[in-house]
Structure formats: structure tokens, C-alpha cells
Amino acid sequence: MTNQETVFSKIIRREIPADIVYEDELVLAFKDIAPQAPVHIVLIPKKPIPKLADATPEDHALMGHLLLKVKQIADEAGLDNGFRVVINNGEDGGQTVYHLHIHILGGRPMQWPPG
């Protein structure tokens, strides 16, 4: 899949409003508009990578940055008892927006299997 315009691209450019909780030069995090837990934050790279499987070795530092920011954002959201991190990849993985994104879910006990 090629890089295409997505709702996340529009959020990055501030063309669509979002409740932003974190931003730096590489990533942006905002509250999900249809939360699946009391805390549901979406973390995206500003670089438009369509899905996890499309990341390349040149994205190595960015991918590490994303995971380290998950911890920081979860800490700032008060998720001291734990949280779940979800990355959907492709149609069968439940991905609906083709811009790599990480869901940070918490504020309640999570069940297994997730679905």
C-alpha cells in the first residue's frame, strides 16, 4: 500500500481537531474519539508509514522512539497499574486507518484474549 492521505495526516497538520496529549518533532499522541477504555490514547509517527509491516530499517530509530514514548505517555496518564499497547496491521489485523498508530489503553483491567 502506498502512502495516502489519512485522517491522521490531517490531525498532524491541524486540519482536524484532536485532544493532543503529547507532541514532539517525530510523534503526536491524542485521545481516541471512540475510546475502548477509560484511557485510550493514539500515538502516531509524523512520518506517514501505512502499517507496521511497511516499516523499514531506516525507521529503526523512529520505531524505538515510539515505544519509549508509549511509556512516557502512559506514565503521564496515570496508568500505574498497567496498560495495553495495540498495533493493528492490515485488514485481518483490524486496521482501519492506514497510518501506523499505537493504541494505549488503560484505566481498567484488560481481558485475554483481546478479540
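Me: Where does P114 lie in this predicted model?

Reply: P114 lies in the segment after strand 5. The model is a predicted one.

Me: Why is P114 called exposed?

Reply: The relative accessibility of P114 is 57%. Exposed means over 50% relative accessible area, so P114 counts as exposed.

Me: What is found at the peptide bond between W112 and P113, and where is P113?

Reply: W112 and P113 are joined by a cis peptide bond, with omega about 0°. P113 is found in the segment after strand 5.

Me: Which pocket has P114 among the residues nearest its centre?

Reply: That is the second largest pocket, where Q36, R84, L105, R108 and P114 lie nearest the centre. The lining has 13 residues, and the space amounts to about 250 Å³. Strand 4 (83–86) and strand 5 (102–106) each supply at least two lining residues. By class, the lining has six nonpolar, four polar and three charged residues.

Me: What is the volume of the largest pocket, and which residues are closest to its centre?

Reply: The largest pocket has a volume of about 310 Å³. Its lining consists of 18 residues, and F8, F30, D32, I33 and V42 are the closest to the centre. Helix 1 (7–12) and strand 2 (27–31) are the elements that give two or more residues to this lining. Helix 1 gives the most, with three residues. By class, 10 nonpolar, five polar and three charged residues form the lining of the largest pocket.

Me: Why is L52 called partly exposed?

Reply: L52 has a relative accessible area of 35%. Buried requires under 20% and exposed over 50%, with partly exposed in between; L52 is therefore partly exposed. L52 is placed in the loop between strand 3 (39–45) and helix 2 (60–76).

Me: What sets the backbone of R14 apart, and why is R14 called partly exposed?

Reply: Phi of R14 is near 65°, a positive value in a residue other than glycine. R14 is found in the loop between helix 1 and strand 1 (20–23). With 43% relative accessibility, R14 falls between the limits of 20% and 50%, and therefore counts as partly exposed.

Technical notes:
Residues numbered from 1 in each chain as written. Predicted model: local features only at pLDDT ≥ 70, side-chain atom pairs only at ≥ 80, totals over all residues. Heavy atoms only, no water. Helix = DSSP H or I, 4+ residues; strand = E, 2+ residues; numbered from the N terminus. Buried < 20%, exposed > 50% of the residue type's maximum accessible area, 1.4 Å probe, protein only. 1 Å grid on protein atoms, 1.4 Å probe; cavity = no way out; pocket = protein on both sides within 12 Å on 5 of 7 lines; lining within 4 Å. Points joined across faces, edges and corners; volume = space filled by probe spheres on them. Nonpolar A, V, L, I, M, F, W, Y, C, P; charged D, E, K, R; others polar.
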